[in-house]
Amino acid sequence: MLAVLMSSGARADFGTFDVQIFSDAALTNLLYTIDDDGAGDSNFNPNQIGTSLTADLAALNTAIASTGIQFSNLSAASNAGSPPLNNTALLSVNGEALVGSGFTSGELYILVSAIDYNFPAGPAYNVISGASHTFIGVDGAPATSPAFTSYFNDSNTLNATETATGTLVFAPPSGASATGQLAPVLGVTGDTPYGLSNVTRIRLSGANARDLFSGGTAVRAVPEPGSMALIALGGTTLLFAHLRRRKAQA
Ligand SMILES: [Ca+2]
């Protein structure tokens, strides 16, 4: 399987999709970069980044050791190269973070970015941003506050953070818990090709704390008024409202 993929020539162009790890919220102190199909990427499929190989995971964890956070896995995906039937652009991240040996807390920032989304057609878009976490062994301190923000980059620039959705902040109680949040849908104006980014703040407190996390950015076209699609959009809005109510009741 691997040999087939390697010989097919189906490699992503460098500079179109990557994962970067920073130690600061301003995203200035870059600790590590994984380019799609470049060094450190265990997933040889284009538009998918993974760290399943032991050597790739070790290189990542060595580079970020000073933050107090380690990963047991980290992966990301973009569908920029393959428009799906539902015409929805996606950028996702998921993984498991833990407090490193010798630390009682830690913090870092994961920037996932992809460019060259050629769908859906503009100029009016809705950007949907959501994230979920399963926490294990956190101590309930305010320092345990992961966050997630999505960005629409009309300039189609890799690693840009141009138009932001609302930031989702998580505050887990002591022990184990699971939760998910959706940001209010962000309406933006733009055109293809465009880029997307999202930033996950991993911030854990507790010597044995773990966080199984995922985050997603989705872009859908805003339908022409009066079209049948408007009915579908209404259904989407109702769905998110329903999800929010369910979470509020949980
Ligand atoms: Ca890859």
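Which residues does tyrosine 125 touch, not counting residues up to four places away in sequence? Tyrosine 125 touches Phe152, Val188, Gly190, Val219, Arg220, Ala221 and Val222, where a contact requires C-beta atoms, placed from the backbone, to lie within 7 Å. The account below places this residue in its setting.

**The model and its confidence**

This is a predicted model, in which local features need pLDDT of at least 70 and side-chain atom pairs count only at pLDDT 80 or more, while totals for chains, interfaces and linings use all residues. Residues are numbered from 1 along each chain as its sequence is written. The pLDDT is the predictor's confidence in each residue, from 0 to 100. The protein chain averages a pLDDT of 89, and 84% of the residues score at least 70. Over residues 1-11, the pLDDT is below 50, and this stretch has 8 contacts in the model beyond near neighbours in sequence. Where pLDDT is low, the predicted coordinates should not be read in detail.

**Overall composition**

The protein chain contains 3 helices and 14 strands; helices (H or I, at least four residues) and strands (E, at least two) are DSSP runs, numbered from the N terminus. Of the 250 residues in the chain, 36% are buried. A residue is buried if 20 or more other C-beta atoms lie within 10 Å of its own, exposed if 12 or fewer, and partly exposed in between, with C-beta atoms placed from the backbone. Among contacts in the chain with a separation of 6 or more, 73% join residues 24 or more positions apart.

**Strand pairing**

Two strands pair if DSSP finds at least two bridges between them. Strand β4 (residues 69-78) is largely enclosed by the rest of the structure, because 8 of its 10 residues are buried. Strand β4 runs antiparallel to β3 (residues 48-49), with 2 bridges, and glutamine 48 has alanine 77 of β4 as its bridge partner. Strand β4 also runs antiparallel to β5 (residues 89-99), to which 9 bridges join it; here isoleucine 69 stands opposite valine 99 in β5.

Strand β6 (residues 105-117) is mostly covered, with 10 of its 13 residues buried. Antiparallel to β6 runs β1 (residues 17-22), joined by 6 bridges, and β13 (residues 194-205) is likewise antiparallel to β6, joined by 11 bridges. Leucine 111 takes part in both pairings: in β6 it is the bridge partner of glutamine 20, and its own partner in β13 is valine 199.

**The nonpolar core**

A nonpolar core is a set of buried Ala, Val, Leu, Ile, Met, Phe, Trp, Tyr and Cys residues joined through C-beta atoms within 7 Å. The largest such core has 49 residues, of which Ile110 and Leu196 touch the most other members. The elements giving two or more residues to this core are β1, β4, β5, β6, β7, β8 (147-153), β13 and β14 (210-221). Strand β6 provides the largest share, 8 residues. In soluble globular proteins, nonpolar side chains tend to be buried together. Leaving aside neighbours within four places in sequence, isoleucine 110 is in contact with Val19, Ile21, Val93, Val199, Thr200 and Ile202.

**Individual residues in strands**

Tyrosine 125 belongs to strand β7 (residues 124-138) and is buried, because 25 other C-beta atoms lie within 10 Å. Isoleucine 136 also has its place in β7; with 17 other C-beta atoms within 10 Å, isoleucine 136 is partly exposed. Isoleucine 136 touches Ala176 and Arg210, not counting residues up to four places away in sequence. Arginine 201, in strand β13, counts as partly exposed with 19 C-beta neighbours inside 10 Å. With the same exclusion of residues up to four places away, arginine 201 touches Tyr109, Pro146 and Ala147.

The table lists residue pairs that are separated along the chain, with their C-alpha distances.

| Residue pair | Separation in sequence | C-alpha to C-alpha distance |
|---|---|---|
| Tyrosine 125 and proline 223 | 98 residues | 8.8 Å |
| Isoleucine 136 and leucine 212 | 76 residues | 8.4 Å |
| Arginine 201 and isoleucine 110 | 91 residues | 6.4 Å |

**Backbone features in the loops**

Most residues other than glycine have a negative phi, and most peptide bonds are trans. The peptide bond from phenylalanine 119 to proline 120 is cis, with omega near -15°, and proline 120 lies in the loop between β6 and β7. Another cis bond runs from threonine 192 to proline 193, with omega near -5°; proline 193 is in the loop between β12 (186-189) and β13.

Aspartate 37, which is not a glycine, has a positive phi of about 65°. Aspartate 37 is placed in the loop between β2 (30-35) and β3 and counts as buried, with 20 C-beta neighbours inside 10 Å. Asparagine 87 has a positive phi near 60° and is found in the loop between β4 and β5. With 12 C-beta neighbours inside 10 Å, asparagine 87 counts as exposed.

Key. Contact = placed C-beta atoms within 7 Å.
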